[in-house]
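Okay, thanks for coming, everyone.

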Amino acid sequence: MYTILGKFGLTDISSVTELSCGHINKTFLCNCNKKKYILQSLNCNIFQNPEIVAENISVIGNAFEKFGDNSLFVPRYLQCNGKGYVEQNGEIWRIYDYTESDGQYSPYYHGYAVGRFLKVVNSCGVQLKTPLELHNFGDLKLPLRNIHGDTKADNIIFGERLTVIDLDTAMSGYICADFGDMIRSVTAVKFSIADIRDAINGFAQGIDGLLTCEEIDSLYNGIVLIISELTSRYRGGTRNFPKKTAEQCRSRELELTAQLERIKGCEREIRQAVNDGFKGF
């Protein structure tokens, strides 16, 4: 571990602590040179084209620099020999600046962060590549855009610098997938139409006129598609989630089934919230 940090020019290392968050990558919090960094090992069983992941992350970073909007940030990855990662014993390692969270979750700023991320990465003439097959929605007859691919609350840092992290799943896809996963996350613990409205209003403000009328109309369907897809994955059990037990997978499947029923039962209210949120855009 210390050898890897040294390759990125970090030598004064006071601590390295593994974090338990996330289902895929190994993640560590490192105190080096009197600063904090996040060190990650990319799971190459999942991401079999790590060079595509690294290229997408570089493209996203450049897009944010070019766009020049200080309302949202993405991690700054350290470089080693001109690349944003190093290979060590068959593993791919990356390191980026740690961003402090204030622990104050906000549905509005969750929505804003997702919307603004999509606005930035779709406004600079870049096209992300697809590092893995993530969503299978078929042909929705909608524009393919650059998306994040995993817009849950854990991937938004709420603090002095609102930051979107975990860019490994960024790819080409449908905007409604990112929107749907964001609303799934917003309603995962507590189902609240008020929270959904706040998240939609933030999303509309962040994405700032990017979407076509057809894309706006598709947003509710994106929630249903995402939750249905995730439910199906948990139905597959430990084959899809090897770190979980069969009982945990079954429990999560039932939670998602109940969540989907709540979403479907509030379709009219959610569609109205989307229409209200996008007025003027």
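Before I point at anything, one term: when I say polar contact, I mean a pair of N or O atoms within 3.5 Å, where one must be able to donate a hydrogen and the other to accept it. And keep in mind that this is a predicted model.

So, let's start with an arginine. Arg 145 sits in strand 6, which covers residues 145-147. Its side chain reaches the backbone oxygen of Leu 210 at 3.2 Å, so that pair falls inside the 3.5 Å limit I just gave. Is Arg 145 buried or exposed? Arg 145 has a relative accessible area of 16%, and because buried means under 20%, Arg 145 counts as buried. What does Arg 145 touch, if we skip residues up to four places away in sequence? The list includes Leu 210, Leu 211, Thr 212 and Glu 215, and also Met 171, Ser 172, Gly 173 and Ile 175, plus Asn 122.

Met 171 turns up again with our next residue, Leu 132. Leu 132 is in the loop between helix 3, residues 107-121, and strand 6. Leu 132 is buried as well, with a relative accessible area of 15%. Leaving out neighbours within four places in sequence, Leu 132 is in contact with Ile 46, Phe 47 and Met 171. If you want a distance across the model, the C-alpha atoms of Leu 132 and Ala 63 are separated by 22 Å, and those two are 69 residues apart along the chain.

Now the greasy part. In soluble globular proteins, nonpolar side chains tend to be buried together. Here, the largest nonpolar core has 73 residues, and Phe 117 and Phe 203 touch the most other members. Helix 6, residues 213-235, gives the largest share of this core, with nine residues. There's also a second, separate core of 15 residues, with Phe 8, Tyr 37, Leu 39 and Ile 95 among them.

Not counting residues up to four places away in sequence, Phe 203 touches, among others, Val 114, Leu 118, Phe 179, Met 182, Leu 219 and Phe 278. Ile 175 and Leu 211 are on that list too, and both are also touched by Arg 145.

On to empty space. Rolling a probe the size of a water molecule over the atoms shows where empty space is left.

Helix 2, residues 50-67, supplies the largest share, eight residues. By type, the lining splits into 10 nonpolar, eight polar and six charged.

Asn 81 has a phi near 55 degrees, a positive value in a residue other than glycine. Asn 81 lies in the loop between helix 2 and strand 4, and at 77% relative accessibility Asn 81 counts as exposed. Asp 208 also has a positive phi, near 50 degrees. Asp 208 is in the loop between helix 5 and helix 6, and Asp 208 is partly exposed at 36%.

Okay, over to you.

Note on methods. Residues numbered from 1 in each chain as written. Predicted model: local features only at pLDDT ≥ 70, side-chain atom pairs only at ≥ 80, totals over all residues. Heavy atoms only, no water. Helix = DSSP H or I, 4+ residues; strand = E, 2+ residues; numbered from the N terminus. Buried < 20%, exposed > 50% of the residue type's maximum accessible area, 1.4 Å probe, protein only. Contact = heavy atoms within 4.5 Å. Nonpolar A, V, L, I, M, F, W, Y, C, P; charged D, E, K, R; others polar. Core = buried A, V, L, I, M, F, W, Y, C linked by side-chain atoms within 4.5 Å.
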